[in-house]
Amino acid sequence: GHLGTLDPFASGLLPILIGGVTRLSDEMMDGKKQYLFQIKLGIETDTLDTAGQVVKTQPVPGNYIEKIKQQLNLFMGEIEQVPPVYSALKMQGRPLYEYMRAEGKLPQSIETKKRKVLIEKIDVLENIELNAEENNLVTLRVLCGKGTYVRSLARDLSASIGTVGHCFSLRREYVEPWCVDNAVLFSQDIKPSMEDIQKNIILPEQILPYVPKITVPEGQKKLFCAGNVVTLTMQDVSVAEWMSATTSQVCFAETVDGIVMYYANLQRVDEHTIKIKPNKKIS
């Protein structure tokens, strides 16, 4: 399984989960994401990207790059965002894009899907030679939280300087903790070798480094793997495991032979005792 479908016109990072680790997709989707994108000012499309039909044109103000820089503070922190009408969000059980393709309209206003998203950092990049022959282009990089639509960000930034715009290019550079610089190149024409894939596999505890790991002692292994809550004391685990576990509510619980690993719930009973309950088997 993969994390976060890329728009058809986009490029960049696509994390792929293998085996039981797919059960951790919800936890992994909560991380930060970073995108490099361009806004084409003066033209708005129905899809808010290059694949759509032009629905509006408007003059572009002079010195538009400086004007956008002056507006960036309005888009920092927690902001409200209206998603694109062409998106996978659901309304009455169907993705929005299905309504738009079949009927050309939604059963309710898109405003009902407005939501809060987090923009941690956003910058205008200069001296970037991307499609340099095009004018009215602005290149930006954004670090954002779950659920942010860059296409909507392009639309709203354009509106903030008194014009319209759409997302001209989009590249996903980072999905916490993965970076595109360390990714395996894969396309219709390029297939990575198994050796390349194996070199780039990341273990569950590396994917979620803030989640502690507990080794379930041999005597508790069968009970735990059968789905039961087990009680551990300070004598059952290492000092490092104990210290990290007592500050968390979840953990990776690995059997003593390292064959079976669970994503488990943690409960501290007292200063000497914790309970762990298997949640999702991941290996």
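Trainee: How many helices and strands are in the chain?

Mentor: Keep in mind that this is a predicted model. The chain has eight helices and 16 strands. Its C-alpha atoms fill a box of roughly 75 × 45 × 40 Å along the principal axes, and 41% of the 283 residues are buried.

Trainee: Why is Met194 called exposed?

Mentor: Exposed means over 50% relative accessible area. Met194 comes in at 54%, so the label applies. You'll find Met194 in helix α5, residues 194–199.

Trainee: What makes the nonpolar surface patch that includes Met194?

Mentor: Leu14, Ile16, Ile18, Met194, Ile197 and Ile201 make it, with an area of about 570 Å². Nonpolar side chains are joined into a patch within 5 Å, and each member needs over 30% relative accessible area. Met194, at 54%, is over that cut-off, so it passes on accessibility.

Trainee: How do you know that helix α4 is mostly covered?

Mentor: Eight of the 11 residues in α4, which spans 150–160, are buried.

Trainee: What share of the contacts in the chain with a separation of 6 or more comes from residues 24 or more positions apart?

Mentor: That share is 66%. A contact here means heavy atoms within 4.5 Å.

Conventions: Residues are numbered from 1 along each chain as its sequence is written. This is a predicted model: local features need pLDDT of at least 70, side-chain atom pairs count only at pLDDT 80 or more; totals for chains, interfaces and linings use all residues. Side-chain values use heavy atoms; hydrogens and water are left out. Buried means under 20% relative accessible area, exposed over 50%, partly exposed in between (1.4 Å probe, protein chains only). Helices (H or I, at least four residues) and strands (E, at least two) are DSSP runs, numbered from the N terminus. Patches are made of residues with over 30% relative accessible area and no salt bridge: like charges are joined within 9 Å, nonpolar side chains (Val, Leu, Ile, Met, Phe, Trp, Tyr) within 5 Å. Accessible areas come from the Shrake-Rupley method with a 1.4 Å probe; for residues, only the protein chains shown count as cover. A salt bridge is a side-chain nitrogen of Lys or Arg within 4 Å of a carboxyl oxygen of Asp or Glu.
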